Structures are given as C-alpha cells and as structure tokens.
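Here is a short report for a first look at this model. Keep the structure in view as you read.

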Amino acid sequence: MDERIRLRLDVSYDGTGFSGWAAQPTRRTVAGVLVETLDLVLGAGTATGLTVAGRTDAGVHATGQVCHLDLPVDVWRQHEGRLLRRLARLLPTDMRVRAMTEVPADFDARFSATFRRYEYRVTDAPFGAEPLRRHEVLAWPKPLDLAALNAAANGLVGEHDFAAYCRRKENATTLREVTRLDWRRDPDDILVATVQADAFCQAMVRSLVGAMLVAGDGRRPVEWPGSLLTRQERSSEVTVAPAHGLTLVAVGYPADPAEYSRRADLTRRLRVPIEG
C-alpha cells in the first residue's frame with residue numbers, strides 16, 4: 001500500500017448555492033464539489049478520507065472551515081507547489097481552498113477541534129439589508145436593542161443541556177459548553193452575534209439566535225432564552241433563524257500537534273450520551 005500523507009485544508013464558501021457541506025447524490029454540496037475537483041486534478045479516488053470540522057447546513061457560509069484528507073506521498077510531492085493554484089482555477093467562484101498544510105496522521109479536523117466559532121449578521125434598518133449583502137445579512141422587521149440581546153445571551157453561556165435548541169439525533173448527547181456568546185453593532189449598523197462552543201448540535205446556533213432576536217425586539221423577556229435550558233426536548237416556541245445570516249468563521253485546535261490525538265479521544269468520549 002502506498003505511503004500516504006494527511007493534509008489540512010482551510011476552506012471558504014458562499015453557502016447560497018450549496019445544499020450544505022455533506023455530499024448528496026442529486027444536490028450541489030461543498031464536499032461534493034471539492035471531491036469532484038480533486039478527482040479532476042489528481043485522478044478519481046486519489047484523495048481519500050475527507051473529514052470536515054463541522055457539517056454546515058444548506059445556505060450557511062464559511063470563512064474558516066477546516067477539513068482533512070489523505071493523499072499518496074508521491075502524488076502530494078508532485079503537486080504540492082501548484083495544487084492550490086490549480087484548484088483556484090477549477091473550483092467555482094463561490095468556493096475557495098485557501099491553504100493546504102501537511103499535518104500529523106493523527107490530526108482529525110472534526111475530533112481534534114477545541115472550538116467552533118460562528119457569526120450571525122442581522123440588520124434592523126427600516127429599509128432592510130443592503131442588496132450587495134443580502135446573502136449574508138438577515139433583515140429583521142423590528143428594532144433590536146443591543147443591551148437586551150446581550151442580556152439574553154448571558155443566560156446561555158456555560159455548559160448546559162441544549163435539548164431545547166437542538167434537533168436531537170439518536171444516541172447523541174445535547175450537552176454542550178458555550179464559551180462565548182455576545183452581540184455587537186458594527187459601524188455599518190449590522191448587528192453581529194459571535195457564538196463559540198466546543199461543538200454544536202444540528203440547528204443549535206440558528207435556534208439560539210432565533211430565541212435571542214425575539215428578546216432583542218421586546219417580544220420576549222431577556223430571561224426567556226435561558227429559561228428554556230430546563231427543557232428536555234426541543235422547544236416548539238423557538239424559531240430557527242434563516243441560514244443565510246450564519247457564517248462559520250473559525251475552528252480551533254491544540255497549539256501543540258502532539259495533543260491532536262489526545263484531544264480527539266477526549267472529544268469522542270464527551271459525545272457519548274450521559275446515562276443515569
């Protein structure tokens with residue numbers, strides 16, 4: 001068997017035209033387009049084991065997505081000096097591979113990660129979103145109070161069971177640790193929520209944003225989003241915010257590569273459901 005090398009890929013994409021990350025036979029997806037392009041450049045099946053840090057949903061964007069794959073060493077040595085530029089020529093303009101880096105064989109884009117950080121953008125301008133930003137900014141129909149948004153966010157920080165905010169999967173835990181959740185209003189008057197956690201379950205970020213927005217516009221008290229953390233099932237009262245306002249901006253990993261394997265083992269244990 002050929003000796004193989006593991007590569008980390010840093011990827012950006014405009015999610016508007018993609019049906020999410022995960023490959024689907026009849027839909028245009030980020031993973032599907034990436035694999036098709038790699039097959040075109042390197043030969044079908046040459047790149048194997050594509051694994052992503054976080055499977056973004058349809059319509060969600062990324063400026064800091066990370067994935068890994070394996071290549072035969074001789075293929076990588078043949079192409080490494082020009083592969084990035086070849087991909088740039090062949091990939092569609094709504095997707096870029098910004099970097100390809102050799103990493104240890106025990107690096108796992110998903111399980112070695114220490115955090116994922118998302119940003120969600122909203123405008124409460126009476127005229128709505130600027131046309132050139134309509135694919136990344138949600139237009140909210142009511143004025144939003146920054147202090148109320150941050151008060152609502154404070155009740156969601158920490159380690160909790162986020163069952164009320166997650167689409168539950170069989171044999172998967174909804175226990176997560178949110179290490180950062182805050183709002184700012186940028187000089188362009190766009191409100192930006194920054195959400196960081198060790199990991200997220202499906203639709204969690206957009207559900208959190210949906211709950212905070214109705215507190216921010218005064219329809220719910222600022223304590224309401226945090227009060228839902230006592231629920232053991234998904235709350236039908238929470239509206240999932242639209243996908244297009246959400247961007248994955250960063251994925252963190254241990255500073256010491258020797259910690260990749262230990263972190264991956266720890267993450268796998270943490271994702272096992274708690275019994276009792």
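## The annotated site

Asp 57 is partly exposed, with a relative accessible area of 22%. Partly exposed lies between buried (under 20% relative accessible area) and exposed (over 50%), using a 1.4 Å probe and protein chains only. Asp 57 sits in the loop between β2 (48-52) and β3 (61-72). Helices (H or I, at least four residues) and strands (E, at least two) are DSSP runs, numbered from the N terminus.

An unreviewed UniProt entry places the feature "active site" at Asp 57. UniProt positions follow the numbering used here, feature names are shortened, and annotations may be inferred rather than shown by experiment. Setting aside neighbours within four places in sequence, Asp 57 is in contact (heavy atoms within 4.5 Å) with Gly 20, Gln 202, Ala 203 and Arg 206.

## Model and confidence

This is a predicted model: local features need pLDDT of at least 70, side-chain atom pairs count only at pLDDT 80 or more, and totals for chains, interfaces and linings use all residues. Residues are numbered from 1 along each chain as its sequence is written, and side-chain values use heavy atoms, with hydrogens and water left out.

The chain has a mean pLDDT of 94 (the predictor's confidence in each residue, from 0 to 100). Of its residues, 97% reach 70 or more. Over residues 272-276 the pLDDT is below 50. Beyond near neighbours in sequence, that stretch has five contacts in the model.

## Aromatic pairs

The structure holds six aromatic pairs. Rings of Phe, Tyr and Trp (its six-membered ring) pair if their centres lie within 6.5 Å; planes under 30 degrees apart count as stacked, over 60 as edge-to-face and the rest as tilted. Tyr 13 and Trp 21 form a tilted pair, because their ring centres are 6.4 Å apart and their planes are at 40 degrees. Tyr 13 is buried, at 5% relative accessible area. Trp 21 is buried too, at 4%.

Phe 107 and Tyr 260 pair edge-to-face, at 5.1 Å centre to centre and 75 degrees between the planes. Phe 107 lies in the loop between β4 (95-103) and β5 (115-123), and Tyr 260 in helix α7 (residues 260-270), so the pair ties together parts 153 residues apart in sequence. Both Phe 107 and Tyr 260 are buried.

## A cluster and two charges

Tyr 13, Phe 18 and Trp 21 form one aromatic cluster. Arg 28 lies over the face of Phe 18, at 4.1 Å from the ring centre. A charge sits over a ring if NZ of Lys or CZ of Arg is within 6 Å of the ring centre and within 35 degrees of the ring normal. Arg 220 lies over the face of Trp 224, at 4.1 Å from the ring centre.
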